[in-house]
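Dear colleague,

Please find the structure below, followed by a summary of what was found in it.

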Amino acid sequence: MDLNKVAKWSRILVLVGLLIWVTYESYMHQVLGGGKAPSIHALCPYGALESLYTLLLTGSFIKKIYSGTVVLLVLTVALAVLFRRSFCGLLCPFGALQEVFAKLGQKIFKKRFIIPQKIDQIFRYLKYVVLVLTVGMAWYYGSLWMAPYDPYAAFSHISVISSSIEEDPLVIFGFILLFITVAGSFFYDRFFCKYLCPAGAFYAIIAKISPTKIERNDSLCIHCKKCDKSCPVNIEIEKEERITTAECINCNDCVLACPVKGALEVKVARKTVHPIVMVILVVGLFFGTIGIAQLTDNFQILPLAVAQGEVIPIYEVKGYNTIEEATTLTGLTLEEVYQQLAIPKSVPKETQFKQISALVPEYSFDQAKANAGGSEAEGAASTPGTIDVSGIKGSMTIQEAMDSLSMASKDFYALFKIPETVPPQTILKEIVNLSPGYDFQQIKDELSVSASTEAPENTSGTVDVSAIKGSMTIQEAMDSLSMEAKEFYVLFKIPETVPPQTILKEIVNISPGYDFQQIKDSLQ
Ligand code: SF4
Ligand code: SF4
C-alpha cells in the first residue's frame, strides 16, 4: 500500500467531509433555527477566543458561544502547541473551501499563481492586524463584533443572503469578503488563510513553540523543487533545512511530493513521523476529545432547552420557534399566542415566527414582541416598582448586577437606560466613561423613588380610577388617567406580559386569576 497516497487522500477526505458537514449544519441552522442546529459561530473555535474576556470576567459566554466552542478552542490550541497549525492544514472547513476552489483554478489555468514576494510578505501581516482588531473589539463590546464582516459567517448564510442583508446591512461586507476569498482562491492557494484569517494568525503565534517541524536533508535533496511547487502557502522549502515559519499549515503536501526517501520529513521532537501518522494523531485527538466532552456533557453548542415545566415570557420566543411551539414555551393557549403577538388567524400554527412576514408582509415579529413587552424593553422598564434595586452598587459590573437581580440582559439595560454598546463586564459607575452623560447614581435613585412611590396603596389615594371601565383597553385607560405605562401596570397589578391593547376585563384570559373589578374596587 502506498502510504503517501493514503495520507494525501485521508487529509482531503477529512477536510472535504468537514466542509460538507459544516455546510449542512449551516443550512439546517437557517431552516430549523438556532435552537435546533448550531450556528457557525458555535462551531468555530475563534468565537471562544472572542468570548474569552467575558468568560474570564463574568463566567458567562457572549451570545452564540457555548461550552462546546470553548472545548474547540482549547483543543485547537493544544493541537497548535503539539503539531503547529494542523487545525488549518487538516481540519478547518474554510481552509477546505479555499482548497476546493484552488484545485478548480489550477485545473482551469493549469498553473498555480503566486503573488510577487514583496507584496506577499507585507500582506501576510494583515492577518495579525485582523486578529488584534477583532479580538480587541469583541472583548471590548462583549459580542461577536466581527460577525457581519466574517466571510465564514457569510458562507453559512449563503442560503438566506437577501434576508440576512435586510436584517443587518453590514453583512454585505462579509459577503464581499467571501466573494474575494473564493475568487482569490481560484488564483492563489489558501488566499484568506495567508492574508486575512485571524484564527490562522492566532495559531501561527502558538505554533512557534511547537516541537513539530518539516526538515530537509540537504545531502539527499536533489533540488527538484517539487516541495516548493506543492506548498499551498508558497514557502520556499528547498532553500531551508528546517521549516520554522509560522506560515506552515502542516498539510505535509511537500513531504508527500518529495521524490527522494528521507530528503524531506515531518519531525516531532526530532523523531520522524509519517504524514499518515500525523493525520491519525490530529484527527484522533480532535474527534476523540470532542467525543469525550460530549459523553461527559461538556460539549454544548446549542442554547439550553427550556426546562420542562418552566415557561418564558411571550416576548422571549425566537424567530425559529413555530406558533405552536410557543404554547409549550410560554404556557399560553394557542389563541393567546395569536392574540398577544397579533398574529393574523390565517397564519397556520406550524409557521415559524420569522416566516410570518412572508405570508403577511406587513407583520413584524420584532414589533409584535415589543408590543408584548419585549425588545423595546418596557418589560423591565415598566415595572420598576416591583424591582428592588437597592442592592445594586456602582462598584458592581453590569453582569454582576443582572445576576443579582436575575434579570435578562435586555431588561436590565432598558431598566438602567444603559446604551447597548456598553459591554456587560463594565463597572456600573464607569459606564459614564463609555457613554458620557450617563449617571448611574441618578438612575438608581429614580428607580428607588419610583419603587417606593408607585406601590398601589400609595398612589391609590391620589388617582381617581372610577372612570376606568372594564371595556377599555389598557392603553385607553392609561390615556384617560394620563399615566405612564409603568405606573399604570403597577397600580392595576397587570403582569408585564399583557400587551397594552388588551381589554381590561379580558386580562384574565391572558393571566388566569387576574380580577380587574376587584383591583379597581380596592383602589377606590
Ligand atoms: S488560516 Fe484560518 S481559514 Fe485558513 S485554515 Fe487556518 S483557521 Fe482556517
Ligand atoms: S511547508 Fe510543507 S507542510 Fe508546510 S504548508 Fe508548505 S507544503 Fe504544507
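Into which domains is the protein divided? There are five entries in the assignment, which is automatic or from a database: domain 1 (3-206 + 280-295), domain 2 (210-271), domain 3 (314-371), domain 4 (378-453) and domain 5 (456-523). Between the C-alpha centres of domain 2 and domain 3 the distance is 59 Å.

This is a predicted model, in which local features need pLDDT of at least 70 and side-chain atom pairs count only at pLDDT 80 or more, while totals for chains, interfaces and linings use all residues. Residues are numbered from 1 along each chain as its sequence is written, chains are lettered from A and ligands numbered from 1 in the order in which they are written, and side-chain values use heavy atoms, without hydrogens and water.

Regarding helix packing, the axes (lines fitted to C-alpha atoms over the stretch in contact, with angles from 0 to 180 degrees between N-to-C directions) of helix H1 (residues 3-32) and H6 come within 8 Å and cross at roughly 110 degrees. H1 is therefore roughly perpendicular to H6 (65 to 115 degrees). Contact, meaning heavy atoms within 4.5 Å, involves Arg 11, Leu 15, Leu 18, Leu 19 and Val 22 of H1, and Pro 93, Ala 96, Leu 97, Glu 99 and Val 100 of H6.

Ser 39 lies in the loop between H1 and helix H2 (40-43). Ser 39 counts as buried because its relative accessibility is 9% (the limit is under 20% relative accessible area, with a 1.4 Å probe and protein chains only). Leaving aside residues up to four places away in sequence, Ser 39 touches His 29 and Lys 64.

Yours sincerely

Key. Helix = DSSP H or I, 4+ residues; strand = E, 2+ residues; numbered from the N terminus. Parallel < 35°, antiparallel > 145°, perpendicular 65-115°, else oblique. Buried < 20%, exposed > 50% of the residue type's maximum accessible area, 1.4 Å probe, protein only.
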